[in-house]
Amino acid sequence: MNAPDRYAVFGHPVGHSRSPWLHARFAELTGESLVYEARDVPPGRFETALAAFLQAGGKGLNITVPHKLAAFAAAEKLTPRARRAGAVNTLALTPDGLLGDNTDGAGLLRDLQHNLGLALAGTRILLVGAGGAARGALGPLLDAGPSELVIANRHAGKARALAADFGADGAVSGVGLDEAHGPFALVVNATSASLSGEVPGLPGDAVGPETFCYDMAYGSGPTAFMRWAQVRGAAGVADGRGMLVEQAAESFTLWRGVRPPTDEVLAAMRSAD
Ligand code: NDP
């Protein structure tokens, strides 16, 4: 019998990663034979670790902080969505070489539209943050056809620069946090503020009873941003676990050619936390 195909996630730190558990569940549910591990790869060591992994027969990787730009540079080919995001979170060894993809934005949209049932066409959306996660989400969010998308960031210049990069793809503008005035149908928190228990300094009218608030961050229990939104009477709140599961499912589909079911995996993850 052949040895199972090998996959891994490279990051630093990576000890907290849920990816090995997710991909093991996907493999079980689809009957695919694979092994998946987490590798702590310090900054500056990505290329060496990638070469060693491929040399040992590795078939594909997930890439997380801080290596998404290094993975973008290492890819021999890029999917259009990876090129648009300017970052790679998935590498796949293909007959044409090492393919770089970015599944973060697709994972977010799948969670918003399919799992949470949100209709985004013709609505006003606020994207908070202008880092890697915001950039990955921006193209897919604009593809959903909002009437307007506002990017708000602590350093407003980064929000304006990001909006300028995507200006051809829809009605998008960049502002400082205190200039993000509602009403919005959807506010997506793509900052890392929740990771330190903080909330971006948005104006009080950014969130109202018509606003759904989504935090890409997640932990045990509601994040600081979700609690802040609930106090303001938001229509609904969600954390980023659905996005995590859906982006992993997109990577699995690219590698194995079969889409794993995500509903029960997400439910199991929520009940375990
Ligand atoms: P980056 O470091 O690239 O960007 C961080 C962003 O957060 C910047 O816009 C920064 O603003 C802003 N920020 C940080 N602290 C604060 C604060 N206290 N108040 C206001 N703004 C703040 O991070 P990423 O884009 O890679 O990740 C962002 C978040 O998304 C993280 O929480 C991450 O865990 C989550 N994520 C979740 C995924 C999922 O699958 N659920 C996938 C990918 C990311 P400034 O530019 O002004 O410094």
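This is a predicted model: local features need pLDDT of at least 70, side-chain atom pairs count only at pLDDT 80 or more; totals for chains, interfaces and linings use all residues.
Let me start with the largest pocket, which has a volume of about 1,600 Å³. Its lining is made up of 50 residues, and those closest to the centre are Val 65, Lys 68, Ala 133, Ser 192 and Leu 195. Strand S3, at 58–63, supplies at least two residues of that lining, as do helix H3 at 68–74, helix H6 at 132–143 and helix H9 at 241–256. Among the elements, H6 gives the most to the lining of the largest pocket, namely four residues. Sorted by class, this lining holds 22 nonpolar, 21 polar and seven charged residues. Where does the largest pocket lie? Domain 1, which covers 5–102 + 247–272, and domain 2, which covers 105–239, both give residues to the lining, so the largest pocket lies between them.

Now to the second largest pocket, which holds about 180 Å³ of space. Here 13 residues form the lining, and Arg 81, Arg 84, Ala 106, Gly 136 and Pro 140 lie nearest the centre. Two or more lining residues come from each of helix H4 at 80–85, helix H5 at 104–115 and H6, and H6 again gives the most, this time with five residues. By class, the lining of the second largest pocket divides into five nonpolar, four polar and four charged residues. Because domain 1 and domain 2 both contribute to this lining as well, the second largest pocket also lies between them.

Terms used
Residues are numbered from 1 along each chain as its sequence is written. Side-chain values use heavy atoms; hydrogens and water are left out. On a 1 Å grid over the protein atoms alone, a cavity is a set of points where a 1.4 Å probe fits but cannot get out, and a pocket is an open set with protein on both sides within 12 Å along at least five of seven lines; lining residues have an atom within 4 Å of a point. Grid points are joined across faces, edges and corners, and a volume is the space filled by probe spheres set on the points. Ala, Val, Leu, Ile, Met, Phe, Trp, Tyr, Cys and Pro count as nonpolar, Asp, Glu, Lys and Arg as charged, and the others, Gly among them, as polar. Domain bounds come from an automatic or database domain assignment.
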